[in-house]
Amino acid sequence: MAKQQVVNSLIEKVGRVIEENTRLQATAAKALGERDKLRNENKELKARIDQLEARLKLLELGEGLAGGANTEESRKRARAQVNRLMREIDGCIALMNR
């Protein structure tokens, strides 16, 4: 009879372990799904930030070139951007002349 109680106890404990394992696997799967969702959202937000930064640079360049009610800093940034573009154009022309 004592052996039967030990066996029953072990069966019960194994059943609990299996249930816990199943629950943990479901939790892990849910967490992985959430992680993937957040990674995708993060990629989309980074792409959006890049787009907005590029747009901001264009707006600052436009403001700097317009010469309206701009700050000295925006004019300096616009001038620096134009200078970078000119150097890039000069480099392209030099490559074409080779």
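The legends below describe close-up views of a predicted model. Residues are numbered from 1 along each chain as its sequence is written, and side-chain values use heavy atoms, with hydrogens and water left out. In this predicted model, local features need pLDDT of at least 70 and side-chain atom pairs count only at pLDDT 80 or more, while totals for chains, interfaces and linings use all residues.

View 1. Helices (H or I, at least four residues) and strands (E, at least two) are DSSP runs, numbered from the N terminus. The C-alpha atoms fill a box of roughly 95 × 45 × 15 Å along the principal axes. The radius of gyration, taken over C-alpha atoms, is 32 Å, whereas a compact globule of 98 residues would have one near 13 Å, the globule rule being 2.2 Å times the number of residues to the power 0.38. Of the 98 residues, 6% count as buried, where buried means under 20% relative accessible area, exposed over 50% and partly exposed in between (1.4 Å probe, protein chains only).

**View 2. Salt bridges of Arg-16 with Glu-12 and of Arg-23 with Glu-20.** A salt bridge is a side-chain nitrogen of Lys or Arg within 4 Å of a carboxyl oxygen of Asp or Glu, and by this rule the count comes to 3. The closest N and O atoms of Arg-16 and Glu-12 are 3.3 Å apart; because these residues are 4 apart in helix α1 (residues 2-66), about one helical turn separates them. For Arg-23 and Glu-20 the corresponding distance is 2.5 Å, and both residues lie in helix α1, 3 residues apart. Arg-23 is partly exposed at 45% relative accessible area, as is Glu-20 at 35%.

**View 3. The salt bridge between Asp-36 and Arg-35.** Their side chains meet at 3.0 Å, N to O. Asp-36 is partly exposed, with a relative accessible area of 35%, and Arg-35 also counts as partly exposed, at 37%.

**View 4. Helix α2 (residues 72-97), which includes Ile-93.** The C-alpha atoms of Glu-88 and Asn-8, 80 residues apart along the chain, are separated by 80 Å.
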